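Colleague: I would like to learn how to read the sheets in this model. Could you take me through them?

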Amino acid sequence: MDVLWEAAGPLSVREVSGLLTDRDLAHTTVMTVLDRLAKKGFARRERNGRAWHYRAAESREAYVTELMLSALDQTGDRQAALSRFARSVSGTEAQTLLRALGALGEAARG
Amino acid sequence: MSATVFILAAIAIGCIPAASSLAAASWPRRSPAAAILLWQALGLGWGIAAIGALIGFGVTAPGSAVASGALKQLVGIARTGNLPQVVDFAAAIRMLCLVAGLVLLGVLYWILVAASASVVRARQRQHELLNLLAHGDPKVPGALVVDHPAATAYCLPGLRSAIVVSAGTLNLLDADELAAVLAHERAHLRERHDLVLLPFLALLRAFRWAEVARRAYQAVELLIEMHADDRALRQRPARELATALLRVGAAGGGGVPSGALGAAQRAEECEVAARVIRLLRPAPGLSYAALAVIIGASAAIVAIPAALLVLPLS
């Protein structure tokens, strides 16, 4: 997927294999992976001559944003799908409490 | 009206003010686990009693229990194909109550299934995205890191569970605070807190207009967080967890649009503050006697309506 994100345009299976130089993958393996990415909607494919060419459906940033938004979403039922460590606190309130904590810590040490 | 139906109705109605006062009470923060048990009992007991009261009122066969009487009546209707004769107003009301009871049973069941399905779908999508985007980091062993500047940390419960930490959180917190965050999230995953919350989500979806359903959901959610805090305290000092909470809380949620969320956000600010205050100034846990009373009450709230369903009507 990283290869598709970095590429300027659509890539054929052979081109993707060629760019994955660090890993020695069979042509069919790359084809299967690309096919699965396309089925899940992460990659779009188009026929170019006899070979399929693949490109990323969305930029990496778009997917990161989707992931983070669904995590930060404070409304609706998405909340129940995952459990967040802390919701937002207003900056001033947090500062006050953190200062109080700092004072406590110093008192304990001193 | 038979005594059984009257008691069932009284329990169903009584559960609602009981839930309101439980949501407003302060003792749950001292023993979140016991309070969660009581919430579960209230939810389940209310469901059994409400369905039982409606169906029980509609059952016309004398001398049989609510459950078996309703079953007999339905089998009879299905076999002969003709509905019982509605002779007068009282019979019509009885019929209406029986139908309402069955509808309530169906709606609660269906909504629980639908809520589970939507939660599973949302998690599935998260896993797919994480497969593409996330990577490990030695600073947070066992967790996945997503490169995003906003500070957030969460867990994806389920058979295939994951703890996710954003790059923003990695930069914000020191090693001790990160360990406290992980301990908190691992407690959620280990004890499957998502399964505790799911029925309350279903109730909230079924009764969006009911203030008490919203308060129940929020109360249980906060208690689960407090319980996970308690679990994390077994491994890490309170101070680390408290500063981690405040730092993540102060930095997080930046991208969330304001407006309709305003009120909800204020409530959530109080949540984080309540958790921090509880960590710094821990109140003593409830006494064994008080815990025994809570456990006994929880058992009774479920057992009494359940028993009334299967005992013959009086």
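Modeller: Gladly! Two strands pair if DSSP finds at least two bridges between them. Helices (H or I, at least four residues) and strands (E, at least two) are DSSP runs, numbered from the N terminus. This is a predicted model, where local features need pLDDT of at least 70, side-chain atom pairs count only at pLDDT 80 or more, and totals for chains, interfaces and linings use all residues. Residues are numbered from 1 along each chain as its sequence is written, with chains lettered from A and ligands numbered from 1 in the order in which they are written.

Colleague: How many bridges join strand 2 of chain A to strand 3 of chain A?

Modeller: Six, and these two strands run antiparallel, strand 3 covering residues 51–56. In this pairing A:Asn48 stands opposite A:Ala51. They belong to an open sheet of three strands in the order 1-3-2. Strand 1 (11–12) and strand 2 (43–48) of chain A are its edge strands.

Colleague: Which strands of chain A does helix 3 touch?

Modeller: Contact means C-beta atoms, placed from the backbone, within 7 Å. Helix 3 (residues 27–39) of chain A touches strand 2 and strand 3 of chain A.

Colleague: What is the order of the open sheet of four strands?

Modeller: That sheet reads 4(A)-2(B)-3(B)-1(B), with mixed pairing. Strand 4 (83–84) of chain A and strand 1 (144–146) of chain B each have a single partner strand, so one side of each is left without a neighbour in the sheet. Three bridges join strand 1 of chain B to strand 3 (residues 162–166) of chain B, and these run parallel. Here B:Leu144 stands opposite B:Val164.

Note on methods:
Contact = placed C-beta atoms within 7 Å. Axes fitted to C-alpha atoms, helices over the stretch in contact; angles between N-to-C directions.
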